[in-house]
Each structure stands twice: as structure tokens, then as C-alpha cells.
Amino acid sequence: MRKTDLRDKPFLDAAVVAPIAANTTIEIQSNKGAWMQVKAANGQVGWIKLLNVRTSGGGTSNSGLGTLGNVIKTGSSGQTVTTGVKGLSAEQIQQAEPNPAEVDKMESYASSQSDATRAAQQAKLNPQSVAAISSSSSSSNNGGSSTAAPSNGRRP
């Protein structure tokens, strides 16, 4: 482990339960996104970021967490942690289907232009001009003449 804080919930702004020293051995109990619920040697339970953990080749587990260990190990040394899609087979990716309800949920988190402008002003951010990124694939997808969203409001 890297030096980190044990938190009471899987969020960066959650209360710190205890500091955890580097190279401390912990017991992984579960995971949630980029976080792991762990039990420290002193018995304290809390959450740490997945990227702060280095797994070892240890024994097997009856709790199903052996699978979690296999998912987060990458590379030939088995010591690097990733939060990507490693572990999905080509077949699973090919069989994946869109979930319109989840897209709608994601889009519900979007802020309006006026809300974004107000938040930027409160944070004392200054507007910056940024040149558009040109791409040959975007011009072939939409004829190169328009960047407007489709009429149904969804991205292509």
C-alpha cells in the first residue's frame, strides 16, 4: 500500500477514519468503483482508493475476492492496479447493449449554460478562447459542415 487515509465512505471528501502507513498489509473486503473497503491490521474498517493498493500473489479466498484480486492485477509482475475495463472478454464487449435509461440518467446531471456560467463566475474563472480540434473522421461523419446535435438531442 501507499501511504493513504482510511475513509468512512468511498468518497474523497468522506471523513478520515485513520491514516494508513505505506506497506501496511490490509484485508480487502469489497469494492465499489475505484474504491476498496478494507480491514486494517488493527481491525479498523474503511475505504481506500484502489490505486493505493498493490496486491500480492497470496493464497486463495473463499469469499470471491480472489476474482477481484485477479481483475486489479495487470502486467507480468501482477503488482500494477488498474480501474479500466480489464477482465472483459471480446465476446462480452461485443454482446454489450446500450441502456437508454442510464444515458438519460447521465444526461440529467448536465448543467445549463447559465448554471455553468454562474458557477464559473463564483469560482472566479476567466473565459478562454480555445481553437477547435479538427478531425478528418468528424468531417466524414457529418459532411464537415455542421457540429450541431441531432434533432432528438442525443449525440450520434
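Student: What share of the 156 residues in the chain is buried?

Tutor: Buried residues make up 17% of those 156. Here buried means under 20% relative accessible area, exposed means over 50%, and partly exposed covers what lies in between, using a 1.4 Å probe and protein chains only. This is a predicted model, in which local features need pLDDT of at least 70 and side-chain atom pairs count only at pLDDT 80 or more, while totals for chains, interfaces and linings use all residues. Residues are numbered from 1 along each chain as its sequence is written, and side-chain values use heavy atoms, with hydrogens and water left out.

Student: How many helices and strands does the chain have, and what pattern do they follow?

Tutor: Helices (H or I, at least four residues) and strands (E, at least two) are DSSP runs, numbered from the N terminus. This chain has 5 helices and 7 strands. Along the sequence they run β-β-β-β-β-α-β-β-α-α-α-α.

Student: How should I read salt bridges, and how many does the structure hold?

Tutor: Side chains of opposite charge can pair when their charged atoms come close. The cut-off is a side-chain nitrogen of Lys or Arg within 4 Å of a carboxyl oxygen of Asp or Glu. The structure holds 2 such bridges. One of them joins the side chains of Asp5 and Arg7, at 3.9 Å from N to O.

Student: Are Asp5 and Arg7 buried or partly exposed?

Tutor: Asp5 is partly exposed, at 30% relative accessible area, whereas Arg7 counts as buried at 15%.

Student: Which residue does Arg118 pair with?

Tutor: Arg118 forms a salt bridge with Asp115, and their closest N and O atoms are 2.5 Å apart. Both residues lie in helix 4 (residues 113-122), 3 residues apart, or about one turn of the helix. Arg118 is partly exposed, with a relative accessible area of 43%, and Asp115 is also partly exposed, at 36%.

Student: Where does Asn52 lie, and what does its side chain contact?

Tutor: A polar contact is a pair of N or O atoms within 3.5 Å; within protein, one must be able to donate a hydrogen and the other to accept it, and residues adjacent in sequence count only if both atoms are side-chain atoms. Asn52 sits in the loop between strand 5 (45-49) and helix 1 (65-72). The side chain of Asn52 makes a polar contact with the side chain of Thr4, at 3.0 Å. With a relative accessible area of 14%, Asn52 is buried.
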